[in-house]
Amino acid sequence: MKVSEKIAEALVSEGVTLAAGISGQSIGRLLDAIANRPEVTLMYTRQERVAFDICDGFARASGRPAVVFTDAGPAAANLMGGLVNSWGDSVPVLFFAGHNDRSEQANRQTKEIPFIEMFRPVSKWTTIIDYPDQTDEVIRRAFMHLTTGRPGPVVIGMPYDVSDMLCKPVAYQAIQSRRRVRSGADPEAIADACRMILSAKRPYLYVGAGALFSEATNELVAFAEAISLPVATTLNGKSAFPETHHLSVGIGGFGRASYGSSAATKLARDADVIITIGCGFKRHATQVRPGAGVKHIQVDIDPTELNRDHLADVELLGDARVVLKQLHDQCVAMLKGEKVVSAEYKSEIRALKGEWDDLSRKVLESAEIPINPFRVTAEFNKLVKPEETIVLHDAGTVRGSTSQHYLTTTPRGFLGFGVQSAMGWSIGAAMGAKKAHPEKLVVAFIGEEAFNETALDIETSIRNDAPILIIVKNNRRYADTDGGKSQRLAHARFHTGVDISALAKALGAEAFGISDPASLAQTLKAAIATTKAGRTTVVDIRTVRINGSLHRLWDPNAKAGGE
Ligand SMILES: Cc1ncc(C[n+]2csc(CCOP(=O)(O)OP(=O)(O)O)c2C)c(N)n1
Ligand SMILES: [Mg+2]
């Protein structure tokens, strides 16, 4: 058996069902071997970076790693924008980079790049298979990295000569435990945390993507309900807690988040104990730290995250699901049937939610022309069932106008992204999500500039049977009025633009264009129908340029949402 065949066998036995990439001489043997495995769906893209986005979206939607493949050198380098997204947001993706023969390495041969130096700092693990008999160990170690602890991308260099060599004819031994390997927190620290939570008057729970990766939603809901804790998520953690739940206050900061609801931000500001679960306090999520005297209980799977940005009073190192169950059980035992949170606090949570709804109505119901991008989200909400839908957003102001008011009810029904935030991610990621959940309607909300970064791969969704809906909030015409920016820059950036509907049609998609809010609902309905019928569909909506979030409507100190 050749190394390439051994790898394909190993991938199948570790449960891989999707591979995406672009071919090239150096990866040829491995690609043939993967293509020979009917268990693995193969997607072939037009840009390496989109292949990475596909696998990233697949992992976010399913929790399982998929495989990216590229040729050596520039092909591998060409996916950097996708790789850094996965690295920034801790998403497990396995990347096989074709590599020159070993004899060519380190002498600046054709397509030779400083592979380890380029990829190691932006991956969880980067290595090269130098000898055939390393194959099993490398693949097994790769899957341990991908499936345990804090996830992240793994990069494996595959020298062509090694891929074509024979290896020992011993069957690959997959990781035996099909369960995720999980760990809990120190029981003494749990007891400290519970005492703190039960003595709090205004506790507040802030949930990041760690809870999604750990699949902790049931434990999260049980814990929040036991204490009547208001629950906010980060952008990346959105969908870990059902947003129709009476305790949900939407996206919200540990202090303040660019995309936070007013309810979440006020509750965070006035909290006396803040419990954070698997979140990294990045700028979009956290602009203002809690004041002195506010207690912080920090739960994370990664010890290097503990006490990193803000001192914790109690550190709980462990898997979100296990730790939430520990917290729940201990709190319930200590409570002995009493209720911890006052009736006043509960009614304040209700009132703040109502205030946020009132504040939002202005943009959600706006009849202005060009169309308000928040209105697009509001109309969309009325037309879909969240449990049958996966929504993605892209970089830019479209992030806020989509993520703040689309209501999720199902874990991974919304895929937030953005520690690195490479424009154009949502088109590939939506295709990956569709492969993970063919039964769901998968919808990417994207601005026209981000669209232009990766739009050619719309054709990939058609060729590779991954029909998605792309809703473009197109504010190009109004972008040059964006105060303070140089007119020369505005001219260079915007004065002509792509005819999005024509391009989408040329690439084989259905396309709709719209500029009147009165026909918004009807057009979105038609676009959802064509997508559900199996046709990738693009809706080009002429929108007005706005700030990315609603913060400025109610917070005079707000910073812009940011790009
Ligand atoms: C690969 C990459 N290049 C540049 C940026 C910086 N950036 C973020 S958003 C943005 C403009 C986005 O415009 P558009 O897609 O039209 O969305 P809008 O803000 O208008 O909603 C830019 C240039 C980025 N995030 N990623
Ligand atoms: Mg735009």
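Colleague: Which residue with a positive phi follows helix 1?
Modeller: The model is a predicted one. After helix 1 comes a residue whose phi is positive, near 95°. That residue is Gly-15.

Colleague: Which elements do the buried residues of helix 1 pack against?
Modeller: Helix 1 spans residues 3-13, and its buried residues are Val-3, Ser-4, Lys-6, Ile-7, Ala-8, Ala-10 and Leu-11. These buried residues pack against helix 2, strand 3 (67-70), helix 7 (135-147) and helix 8 (160-163).

Colleague: Which residue of strand 2 stands opposite Leu-18?
Modeller: Strand 1, residues 18-21, is joined to strand 2, residues 41-44. Opposite Leu-18 stands Thr-41.

Colleague: How many residues of domain 1 are in contact with domain 2?
Modeller: The protein chain is divided into domain 1 (3-164), domain 2 (187-353) and domain 3 (365-542). The centres of domain 1 and domain 2, taken over C-alpha atoms, are separated by 36 Å. On the domain 2 side 6 residues take part, and the number in domain 1 is 6.

Colleague: How do the residues on the side of domain 1 that touches domain 2 divide?
Modeller: The division is into nonpolar, polar and charged residues. The numbers are 1 nonpolar, 3 polar and 2 charged.

Key: Residues numbered from 1 in each chain as written. Chains lettered and ligands numbered in written order. Predicted model: local features only at pLDDT ≥ 70, side-chain atom pairs only at ≥ 80, totals over all residues. Pairing = 2+ DSSP bridges. Helix = DSSP H or I, 4+ residues; strand = E, 2+ residues; numbered from the N terminus. Domains from an automatic or database assignment. Contact = placed C-beta atoms within 7 Å. Nonpolar A, V, L, I, M, F, W, Y, C, P; charged D, E, K, R; others polar. Buried ≥ 20, exposed ≤ 12 C-beta atoms within 10 Å, placed from the backbone.
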